[in-house]
Amino acid sequence: MHQQTVTTEDILQWKTNPVTQLVKQDIIKHMNDLMEMWANGAYTDSHPGGSMQQNARAIGQCQAFQSVLDYMNEVTNNG
């Protein structure tokens with residue numbers, strides 16, 4: 001299978017595309033929402049193990065969002 005080459009111009013267009021900016025803003029909003037929910041006790045459970053599982057899930061979601069943002073920044077900074 002042939003892999004398409006991404007040019008510096010392609011990366012610059014993607015970086016400045018309004019949809020790209022909206023996606024980044026949405027990811028950041030989701031991360032902030034998760035952190036706010038955590039601060040408000042949304043991941044507290046009556047069972048000790050339940051709180052641990054809920055907190056671990058929220059942390060994993062934030063880490064996944066951060067990984068996507070890091071990748072997007074890496075691509076645009078190396079382009």
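Which residues in α1 and α3 meet? I11, W14 and K15 in α1 meet M72, V75, T76 and N77 in α3. Contact here means heavy atoms within 4.5 Å.

1. Basis. This is a predicted model: local features need pLDDT of at least 70, side-chain atom pairs count only at pLDDT 80 or more, and totals for chains, interfaces and linings use all residues. Residues are numbered from 1 along each chain as its sequence is written, and side-chain values use heavy atoms, with hydrogens and water left out.

2. Helix α3. Residues 48-77 form α3, a helix of 30 residues. From first C-alpha to last, α3 reaches 43 Å, close to the 44 Å expected at 1.5 Å a residue. That expected span is 1.5 Å times one less than the number of residues. Helices (H or I, at least four residues) are DSSP runs, numbered from the N terminus.

3. Buried side of α3. The buried residues are G50, S51, Q54, A58, C62, L69, M72 and T76. Buried means under 20% relative accessible area (1.4 Å probe, protein chains only). Their cover includes α1 (8-16) and α2 (18-39).

4. α2 against α3. Two packed helices are described by the angle between their axes and the distance between the axes. For α2 and α3 the angle is about 155 degrees, and the axes lie 10 Å apart. α2 is therefore roughly antiparallel to α3 (an angle over 145 degrees). Axes are lines fitted to C-alpha atoms, for helices over the stretch in contact; angles run from 0 to 180 degrees between N-to-C directions. The crossing is left-handed: the near helix is turned anticlockwise from the far one by less than a right angle.

5. The α2 and α3 contact. From α2 come T20, V23, K24, I27, I28, H30, M31, L34, M35 and W38. From α3 come N55, A58, Q61, C62, F65, Q66, V68, L69, M72 and N73. By class, this contact has 13 nonpolar, six polar and one charged residues. Ala, Val, Leu, Ile, Met, Phe, Trp, Tyr, Cys and Pro count as nonpolar, Asp, Glu, Lys and Arg as charged, and the others, Gly among them, as polar.

6. α1 against α3. These helices pack at about 135 degrees, with their axes 9 Å apart. α1 passes α3 in a left-handed crossing. The residues of this contact divide into four nonpolar, two polar and one charged.

7. I11. This residue is found in helix α1. I11 is buried, with a relative accessible area of 14%. The C-alpha atoms of I11 and Q21 are separated by 13 Å, and the two residues are 10 residues apart along the chain.

Key
Helix = DSSP H or I, 4+ residues; strand = E, 2+ residues; numbered from the N terminus. Buried < 20%, exposed > 50% of the residue type's maximum accessible area, 1.4 Å probe, protein only. Parallel < 35°, antiparallel > 145°, perpendicular 65-115°, else oblique.
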